[in-house]
Each structure stands twice: as C-alpha cells, then as structure tokens.
Amino acid sequence: KPLTAQRSNDVATITLDGDVVKRGTTPKLGVNDKVPFTVTLKSGLTPIVSANNCTIDTKAGTITALKNQGTCVVRITSTGGNVYKPLVKTQVFRLTK
C-alpha cells in the first residue's frame, strides 16, 4: 500500500467488532472472546501492534482477552526515520467475564 499522508501527522485508527474506537474510551473485552480487531495508519504504513493481557492475531484480525478482569493495554507504533518520530499510541481495554 503506498504512503498517502504526511508521516509527521500520522494517525492510528482502531476498529473493534466493526466500530471505530473513539479516543478516550475504554471498550470492554470478554475473556476468551475472539473479537474482530484492526489497526490502520493514515500514512499507509503497517503498524506494529503489541499488547498485554490479551492476544492480537493480525492475520485473523482478532483480539482475545486472556483474563476476566483488569485491563489490556494495546501499544501501536510505526517506524520512525531521520526526519519523523515514530507514532506511538496506546489503547486500554477493560477485561470482563
């Protein structure tokens, strides 16, 4: 996918079960539920996604909570360069039964 936007203003968009996750919200994830999940970057770069207390399957496009309480913190980053800092974003999910 070609780069389409300025990397200096890159933005990550997260979708959970088909809905865009709004900034400042803490969506719920039920333990062991495989929920459709995607992350895209406005620049067209491929994001690097990692998480704690949940697993992300980028090929299947799912996120799964590993615990029934607490939080899952998803960290999204992009590559940086000589001119641009990498994008770093976190999203918190609340884990439920």
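A disulfide is a pair of cysteine sulfur atoms within 2.5 Å of each other, and by this rule the chain holds one disulfide. The model is predicted, so that local features need pLDDT of at least 70 and side-chain atom pairs count only at pLDDT 80 or more, while totals for chains, interfaces and linings use all residues. Residues are numbered from 1 along each chain as its sequence is written, and side-chain values use heavy atoms, with hydrogens and water left out.

The disulfide joins Cys-54 and Cys-72, whose sulfur atoms lie 1.8 Å apart.

Strands here are DSSP runs of E with at least two residues, and helices are runs of H or I with at least four, numbered from the N terminus. In these terms the chain has zero helices and nine strands. The radius of gyration, taken over C-alpha atoms, is 14 Å, close to the 13 Å that the globule rule (2.2 Å times the number of residues to the power 0.38) gives for 97 residues, so the chain is as compact as a globular protein of that length. Along the principal axes, the C-alpha atoms fill a box of roughly 45 × 20 × 20 Å, and buried residues make up 33% of the 97 residues. Among contacts (heavy atoms within 4.5 Å) between residues at least 6 apart in sequence, 61% join residues at least 24 apart.

Key: Buried < 20%, exposed > 50% of the residue type's maximum accessible area, 1.4 Å probe, protein only.
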